[in-house]
Amino acid sequence: FFHLFFILFSLSWLSCNCPPSRAHLNKEFPLKVGMFWEYVGESDIELQQIVGYQQMPNGNWAYKKETYRYPKDSLLSESALFISYLCLVDGELREYHPQDRPTDFTEFALTLLFPLQKGKTWTYASDRSRTIVQVSVAEIENVSTPAGHFRNCFKIVRHSNRWRFTLIDWFKPGVGFVKKKFIHVGTVDSELVRYGTTEVKRKNQ
C-alpha cells in the first residue's frame with residue numbers, strides 16, 4: 001500500500017509542478033524562469049522578471065511575469081506591480097493580463113507571431129473585444145542601447161482603434177524587446193539597459 005501511495009503521490013506532484021514543455025522554450029524569445037529585462041525611460045524604470053510558471057485552465061503552460069515600474073528620480077518611491085502570463089502556442093506568443101479578472105484566461109494580447117518577417121501583419125482583440133489592435137512588422141533595423149548593440153531587430157508597430165495610441169517595439173530574437181516607443185498625446189521612449197538570468201532585487205526590497 002505504501003508503494004502504491006508513493007507512486008500516486010509522485011505522479012500527482014509531477015503533474016502539478018512539471019516545467020513547461022520544450023515547445024515553450026522557443027529560441028526566438030527566451031522564456032525561462034529567472035530571465036529579466038530592465039528598461040529605463042526619461043522618468044521611469046521598468047523591471048520585468050519571469051518568476052515561475054503555472055498550468056492554465058485550457059491545459060497550456062504559462063510563464064508568470066512580474067513587471068515593476070517606479071520613478072527613477074525618487075529613491076523612496078514604491079514600485080507598481082503588474083502581473084501577466086506568457087504562453088507560446090503554435091508560434092503565437094500570447095500575453096494574458098488577468099488583473100481585473102484573475103480567473104479569465106480567454107483573452108490575450110498576441111504579442112508576437114513567429115516566424116517574424118518584414119511586412120507580416122496580424123490583429124487581436126482586447127478589452128472584451130471592444131479594442132482591436134493591428135500589428136505589423138515594419139522594418140528590420142540595428143539598435144544600440146546601454147545593454148549593447150543589437151543587429152537585425154524587428155521593428156513592430158501596434159495601433160489601437162479605441163485608445164488611438166501607437167506602440168513601437170524593437171525585438172531582437174533570443175534577447176527580447178530592446179527598445180520601446182509609446183505615442184499617444186506625447187511620446188514616451190524606453191530602452192534596455194540590462195538583461196539576463198541573474199536574479200535582481202527590486203528597488204523597494
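Which residues does Phe-171 touch, not counting residues up to four places away in sequence? The list runs to Glu-28, Phe-29, Leu-112, Phe-114, Leu-116, Cys-153, Phe-154, Ile-156, Gly-176 and Phe-177, where contact means heavy atoms within 4.5 Å. Keep in mind that this is a predicted model, where local features need pLDDT of at least 70, side-chain atom pairs count only at pLDDT 80 or more, and totals for chains, interfaces and linings use all residues. Residues are numbered from 1 along each chain as its sequence is written, and side-chain values use heavy atoms, with hydrogens and water left out.

Phe-171 also turns up in the largest nonpolar core, which has 34 residues; together with Phe-29, Leu-112 and Leu-116, Phe-171 touches the most other members. Such a core is a set of buried Ala, Val, Leu, Ile, Met, Phe, Trp, Tyr and Cys residues joined through side-chain atoms within 4.5 Å, with buried meaning under 20% relative accessible area, exposed over 50%, and partly exposed in between (1.4 Å probe, protein chains only). Several strands (DSSP runs of E, at least two residues, numbered from the N terminus) supply at least two residues each, among them E1, E4 (80-89) and E8 (131-145). E9 gives the largest share, five residues. A second, separate core holds six residues, including Met-56, Ala-62, Cys-87 and Val-89.

On to the aromatics. Phe-29, Trp-37, Phe-114, Phe-171 and Phe-177 make up one aromatic cluster. Across the whole structure, the search turns up ten aromatic pairs, counted when rings of Phe, Tyr and Trp (its six-membered ring) have centres within 6.5 Å; planes under 30 degrees apart are stacked, over 60 edge-to-face, and the rest tilted. Tyr-96 and Phe-108 are a tilted pair, 5.4 Å centre to centre with 55° between the planes. Tyr-96 belongs to strand E5 (residues 92-96) and Phe-108 to the loop between E5 and strand E6 (109-113), so the pair ties together parts twelve residues apart in sequence. Tyr-96 is buried at 1% relative accessible area, whereas Phe-108 is partly exposed at 21%.

As for cysteines, the search finds zero disulfides, a disulfide being a pair of cysteine sulfur atoms within 2.5 Å. Cys-87 is buried at 0% relative accessible area, and Cys-153 is buried at 0% too.

Technical notes:
Helices (H or I, at least four residues) and strands (E, at least two) are DSSP runs, numbered from the N terminus.
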